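Here is a friendly walk through one structure, from its helix packing to its loops. Please keep the sequence and the model open as you read.

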Amino acid sequence: MIIDYHNNQLRKLAEDHRKLQAKFGIHAKKILQRISDLKAASSLEVISKIPGLRLHELYVDNKNIAFGINITGNRRMVFEPIKPYPLKDDGGIDLSQVVEISIQVLCIDYH
């Protein structure tokens, strides 16, 4: 997939292993692994079939706004499909057609 970032500051953090290690400590290695997993996948449908990643939709006001995948424990990476994204007949996002995403948050505990 094609990976973009919410802003340049987030991109620079994700691409600088020392800064990533300084900010996220033991989670830095998993963050890099998840970015690699996302880049290697042909679509979000592939990501949805990898059990350890546990792709899940995030909602605000009953609208899908983003997706999360596991980093470790309660930590998640949050990203959005780049719009316009294809919808299925039931109104859900067609994961097989999502091939470009924007990472919004590298590592957060939103529980």
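## Helix packing

In helix 1, Leu-13, Ala-14 and Glu-15 meet His-17, Lys-19, Leu-20, Lys-23 and Phe-24 of helix 2. Contact here means heavy atoms within 4.5 Å, and helices (H or I, at least four residues) and strands (E, at least two) are DSSP runs, numbered from the N terminus. Sorted by class, this contact of helix 1 with helix 2 has four nonpolar, one polar and three charged residues. For these classes, Ala, Val, Leu, Ile, Met, Phe, Trp, Tyr, Cys and Pro count as nonpolar, Asp, Glu, Lys and Arg as charged, and the others, Gly among them, as polar.

Before going further, please note that this is a predicted model, in which local features need pLDDT of at least 70 and side-chain atom pairs count only at pLDDT 80 or more, while totals for chains, interfaces and linings use all residues. Residues are numbered from 1 along each chain as its sequence is written, and side-chain values use heavy atoms, with hydrogens and water left out.

Two packed helices are described by the angle between their axes and the distance between the axes. Axes are lines fitted to C-alpha atoms, for helices over the stretch in contact, and angles run from 0 to 180 degrees between N-to-C directions. The table sets out the two helix pairs.

| Helix pair | Angle between axes | Distance between axes |
|---|---|---|
| Helix 1 (residues 8-15) and helix 2 (residues 17-24) | roughly 100° | within 5 Å |
| Helix 2 and helix 3 | about 125° | 8 Å |

Helix 1 and helix 2 are therefore roughly perpendicular to each other, whereas helix 2 and helix 3 are oblique. Angles under 35 degrees count as roughly parallel, over 145 as roughly antiparallel, 65 to 115 as roughly perpendicular and the rest as oblique.

Where helix 2 packs on helix 3, His-17, Leu-20, Gln-21 and Phe-24 meet Ala-28, Ile-31 and Leu-32. The residues of this contact divide into five nonpolar, two polar and no charged.

Buried means under 20% relative accessible area, exposed over 50%, and partly exposed in between (1.4 Å probe, protein chains only).

## An aromatic pair

How many aromatic pairs does the count come to? It comes to one aromatic pair, with rings of Phe, Tyr and Trp (its six-membered ring) taken to pair if their centres lie within 6.5 Å. Phe-67 and Phe-79 form this pair, at 6.2 Å centre to centre with 20° between the planes, and are stacked. Planes under 30 degrees apart count as stacked, over 60 as edge-to-face and the rest as tilted. The pair links distant parts of the chain, with Phe-67 in strand 3 (residues 63-72) and Phe-79 in strand 4 (residues 75-81), 12 residues apart. Phe-67 is buried at a relative accessible area of 1%, and Phe-79 is buried at 0%.

## Loops worth a visit

Ser-43 sits in the loop between helix 3 (28-40) and helix 4 (44-48) and counts as buried at 5% relative accessibility. Leaving aside neighbours within four places in sequence, Ser-43 is in contact with Met-1, Leu-95, Ser-96, Val-98 and Val-99.

The loop between helix 4 and strand 2 (56-60) holds Arg-54, whose phi is near 45°, a positive value in a residue other than glycine. Leu-53 also has its place in the loop between helix 4 and strand 2, and is buried with a relative accessible area of 1%. Not counting residues up to four places away in sequence, Leu-53 touches Arg-34, Asp-37, Ile-47, Ile-69 and Asn-70. Leu-53 and Ile-69 are 16 residues apart in sequence and 5.2 Å apart in space, C-alpha to C-alpha.

Pro-84 lies in the loop between strand 4 and strand 5, and the peptide bond from Lys-83 to Pro-84 is cis, with omega near -5°. Lys-88 has its place in the loop between strand 4 and strand 5 and is partly exposed at 43% relative accessible area.
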